[in-house]
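Dear colleague,

I am handing over the structure below, and my notes on it follow. Please read them with the model open beside you.

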Amino acid sequence: MFQAFLIKYGEIGIKGKNRHLFEDALMKQIRHALKPVEGKFFVRKEQGRIFVEAESAFDYDEVIAALQQVFGIVGICPMVQAADEGFDKLAETVNDYLRKVYGDREMSFKVNARRAKKSYPRTSMEINADLGERILAAFPNMKVDVHKPDVMLDVEIRDQIYIYSQIIPGPGGMPVGTNGKAMLLLSGGIDSPVAGYMIAKRGVKIDAVYFHAPPYTSERAKQKVVDLAHLVARYSGPINLHVVNFTDIQLYIYEACPHEELTIIMRRYMMRIAEHFAKETGCLGLITGESIGQVASQTMQSLAATDAVCTMPVFRPVIGFDKQEIVDIAEKIDTYETSIQPFEDCCTIFVAKHPVTKPNINIIRRSETHLEERIDELVQTAIETTETIWVE
């Protein structure tokens with residue numbers, strides 16, 4: 001029945017003279033999202049509208065699912081397109097549409113006509129009244145309500161006529177790639193995939209870095225993170241995942257530094273290495289899934305201690321969230337079930353029994369002097385042996 005979809009966007013509409021750049025970015029993301037969907041689609045824009053038109057048979061549910069993963073879309077309207085063959089034909093098409101979509105359901109409606117094609121012989125108000133009259137005559141189960149209708153029937157008169165009444169929610173946000181690029185510290189936990197999703201939603205292209213510690217973390221733990229990157233990439237677009245072998249650095253810190261400071265010092269070296277790859281790939285900031293007070297390494301003092309080694313901004317989109325709020329988003333984006341698989345990452349393996357919760361930055365720096373003999377060499381080796389995986 002439906003041959004096309006009208007794509008509604010939100011914030012893009014207030015971008016003024018730059019709006020076309022955001023529209024073009026949104027269209028690019030729509031095309032990318034529809035690539036794996038069976039069928040051929042034409043994505044175009046016309047007078048402030050973006051349309052997805054099917055040029056072959058397609059699976060309706062697959063198309064909706066794909067479009068619901070495109071940031072920048074706030075609504076997806078399945079449409080019927082009709083040629084301008086006169087008002088009687090239009091009324092017939094509208095009634096056929098209502099019959100197929102709503103059947104004999106009792107409901108109220110309002111016709112909302114827009115006449116973009118000014119040569120059309122009826123004004124918008126006349127179309128509203130005349131179509132309403134034809135609908136009432138054909139459907140005794142329907143009534144008009146211009147204030148709070150059950151169904152808003154939109155009819156757009158352009159070179160073709162577009163008829164739609166449903167708005168399927170999209171994810172909102174901004175098209176990916178319109179707000180720079182950042183590097184996500186991706187672990188196997190619940191929080192970091194959510195953090196990546198939330199930053200990508202604001203139009204930021206993301207890459208990721210994962211710290212692997214074989215043989216203390218298994219290949220299955222690594223695959224779990226690759227799987228999480230795949231799930232995030234459905235929304236963010238392709239991700240370069242940098243897999244850093246962190247074992248030797250962790251063991252050296254474990255041998256040379258006070259055990260209550262292990263987590264903080266390890267995190268500081270993770271941030272240093274993540275920032276190296278961020279700078280190398282043109283990122284403008286780092287992203288972590290930290291939430292204040294969730295664990296010992298996420299107190300205000302601990303976050304300040306890890307931030308102190310960075311020269312670029314660190315974005316923490318879930319910083320003020322309760323755990324359940326993060327879990328809710330993880331479930332919505334389908335990362336939760338993967339995140340809770342029992343394959344531990346390097347942060348959980350080398351955790352102290354009594355970690356410091358209020359680290360003093362000067363004491364931490366003093367402890368790091370015990371690493372001076374070999375740490376630069378180990379960091380350089382970790383960087384040089386990093387495996388980069390292209391994840392779509």
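A charge is taken to sit over a ring if NZ of Lys or CZ of Arg is within 6 Å of the ring centre and within 35 degrees of the ring normal. In this sense the charged end of Arg 272 sits over the ring of Tyr 269, 4.3 Å from its centre, and Arg 122 lies over the face of Phe 87, at 3.9 Å from the ring centre.

This is a predicted model, in which local features need pLDDT of at least 70 and side-chain atom pairs count only at pLDDT 80 or more, while totals for chains, interfaces and linings use all residues. Residues are numbered from 1 along each chain as its sequence is written, and side-chain values use heavy atoms, with hydrogens and water left out.

Rings of Phe, Tyr and Trp (its six-membered ring) pair if their centres lie within 6.5 Å, with planes under 30 degrees apart called stacked, over 60 edge-to-face and the rest tilted; the count by this rule is 10 aromatic pairs. Phe 2 and Tyr 97 form an edge-to-face pair, 6.4 Å centre to centre with 75° between the planes. Ring pairs also link Phe 2, Phe 5, Phe 41, Phe 58, Tyr 60 and Tyr 97 into a cluster.

As for burial (buried means under 20% relative accessible area, exposed over 50%, partly exposed in between, with a 1.4 Å probe and protein chains only), Phe 2 counts as buried at 15%, Tyr 97 is buried at 1% and Phe 5 is buried at 0%, whereas Tyr 60 is partly exposed at 29%.
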